[in-house]
Structure formats: structure tokens, C-alpha cells
Amino acid sequence: MDVQMHEVVLETDDQQPIHNAEENRPRDPPLKDSLVESTTPVPILPSIQSPDIPVEIESSSEDIRPKYRQRYLLSGHTQSISSLKFSPDGSILASSGADKLLKLWDTYTGEIIHTFSGHREGISDIAWASDGEYLASASDDKTIMIWSLEDRSAVKTLIGHTNFVFCVNYNPNSNLLVSGGYDETVRVWDIARGKPLKVLPAHSDPVTAVSFNHDGTLIVSCAMDGLIRIWDADSGQCLKTLVDDDNPICSHVRFSPNSRFVLASTQDSTIRLWNYQTSRCVKTYTGHTNRTYCIPACFTATKDKHVISGSEDAKIYIWDLQTRQILQILEGHRDVVLSVATHPTKNIIASSSMEKDLTIRMWFDE
């Protein structure tokens, strides 16, 4: 990144470790680490318990509070808006909803570009291919559809899940998809063949989120059983299982940009940052409300290191990644903020809501 940064120690929160953590272990020297930059694959040692160590990550050199303001209000969906995703270059915002539609919006003008239709039931999640030419959508009709922006039509339908498909994501090369659903499986798809390469009996409850890491070697999944699992993408082997003592339903999980941490949203109104190599939760973010719906949290991609999430109190919360302090609360929605997305290069947030407020709001840090 073309910005000057300095390193700050990310101290672990004062909380209980997960079940398999060892007590009274000696501390090693701090591990130099970053949420953003990485040049080598992250090793996984599933059978070895690492010491609980502080982690250094990069942070902005100035503590400046964000000043996000609503710029656009986008209307068009007729039922709850389930997912928002910016295109890889940030120029297009894609949205999906229970109205079975997938819509494309111009990020910088707020104007509608196109509406895709074809699913027979509501859409729960969407994902962009890395080239920005294709979108995947996961639906309650048990299928995943691949949409071409050039052709403005569906080019492939992936059939295999036996219940609602709830989550989907591309690998970095965009030749594979990973999906999860109410059939409790995680499936890895060969997009060219349109067939599943692997069907992992991943969880004992519906799978709520799946994602690849930055180099496509790992998959993370979470489910209503409260478990977060790290998988080897090639072999399908489960390398690590993370679970908090209270075992709350896990709504969403994603790797940090360099894949050394995972950010997990749980239905105890808490967001946790896990160092999965040491099986330790190193940060918790609270203040929002999340006890019923699967609400994702995300990182900002700019020099300002923030964690952002929607909330069941109709607000959007922005935390400082390091201090866990709430820096700003965005108000305007009139119902549960079900989805948020952050722009890949600029300080722009998109948010969407449920039945009482079928709008997408675009927030710019001014």
C-alpha cells in the first residue's frame, strides 16, 4: 500500500481461551504480523498448540475518526436485501434479495445498471469473480447460478445441494467456487465442468459462511452449530476447529486480507478476531445487536483499519481494529441492517436492510 504505516502490538483480550488452550504457558517474543500484507503461505499446524502471544499488526499512524455520511439511497428491491458486494475494481455494487433478483448499481452515481432474474426462490448470497466479469448467486432454490456481465444473462447453473444454498465465494483464480447450505455440507465446485469436486460433511447445522484465503489454499466455514472450521482446499481435510466456550451460533466468518486471522460474527452480539494458528481469540468487538440474523462483519481495505458490521437496532457500527473502540455509528435505516460491504480501495460503505426499509444506502467518508 502506498501509505506510511507504523506497527502496533495487538494485545489479546482479557477473556477465556477456547477449550483446548493450555494454561500458564510461557510467552514467546511478539510475532511480527500484519492483517494486510503477506507474501508466503500461512502454515497450519493442526496438532500443535502454539503459545498465546501478542500479535503485531499494521495500523494507521493517526487516530482520526471516520466521518461517513449517506450520499445515495438506492431503491428497487421488493423484499429483504440479503447481500451486497462491490466488484473487484469497486465501480459496481451488486445486491441480492428475497425477491429472487440480483441488481447492479453504479457505485459513484447510485444509478441502476442492470437487473438479473432467473432464480425460483430468494437469493441469500452473491460473490464476484476476481476479473469482475462474472457473479455467482446462492439461492433457496438449491442452486448456484453464474451470471455474465458481458452477456447480461445466466451462463451456468450448479446443482447438487439438497437444501437451501446460503453462502458462496470464489477462489482467487476464479476457477473454483465454495458453497454452503442448509444441507450442512460445504461443496467445492469446478466451475468449468459445473460439477462438485468435493462434498465435505462439514457441520451438524446449516452452514452460514464459506470463503477461501488469499492464495486459495484454505477454506474457512462456520455454521449454526457454533463451529468455525479451517479446511485444506486441495485435500478437503479439516485442519482446525475453533469454538468459543459459550458456543454461540456463528453467523459469518472471513479471513483477514493476509489470511493470518479470521473475523467471526456470532449471535451473542459479539464479533471475534481469531488467530486460528494458536486457536486464540485476540480481539472482541461489541456494542451492536445480533441475536437473530446472520449479519456479516468486514474489514475496511484502506489505510484506516476498521471493523464494520450491521446491527439489529437498524444501525451500522464502525470499530477501531486495534482499540476495539466504537468510532462511529451510522443511522438512517428503519429495520435490521442485514448486510454491509466495504469498497476495495476507497472509504465507501454500502448497507442494506429488511422488510420495513427495502433500501441500500451508500456512505462516503467525507
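A: A term to start with: a polar contact is a pair of N or O atoms within 3.5 Å; within protein, one must be able to donate a hydrogen and the other to accept it, and residues adjacent in sequence count only if both atoms are side-chain atoms. This is a predicted model, where local features need pLDDT of at least 70, side-chain atom pairs count only at pLDDT 80 or more, and totals for chains, interfaces and linings use all residues. Residues are numbered from 1 along each chain as its sequence is written, and side-chain values use heavy atoms, leaving out hydrogens and water.

Q: Great. Which backbone oxygen lies 3.1 Å from a polar atom of the Ser-353 side chain?
A: That of Asp-335. The Ser-353 side chain also reaches the backbone oxygen of Val-336, at 2.8 Å.

Q: Is Ser-353 buried or exposed?
A: Buried, with a relative accessible area of 0% (buried means under 20%, exposed over 50%, partly exposed in between, with a 1.4 Å probe and protein chains only).

Q: Switching topic, what order do the strands of the open sheet with S21 take?
A: The order is S21-S22-S23-S24, with antiparallel pairing. Strands are DSSP runs (E, at least two residues), numbered from the N terminus, and two of them pair if DSSP finds at least two bridges between them.

Q: And which strands stand at the edges?
A: S21 (250-255) and S24 (280-286); each has a single partner strand, so one side of each lacks a neighbour in the sheet.

Q: How many bridges join S22 to S23?
A: Five, between residues 262-266 and 270-275. Thr-266 has Thr-270 as its bridge partner in S23.

Definitions and conventions:
Helices (H or I, at least four residues) and strands (E, at least two) are DSSP runs, numbered from the N terminus.
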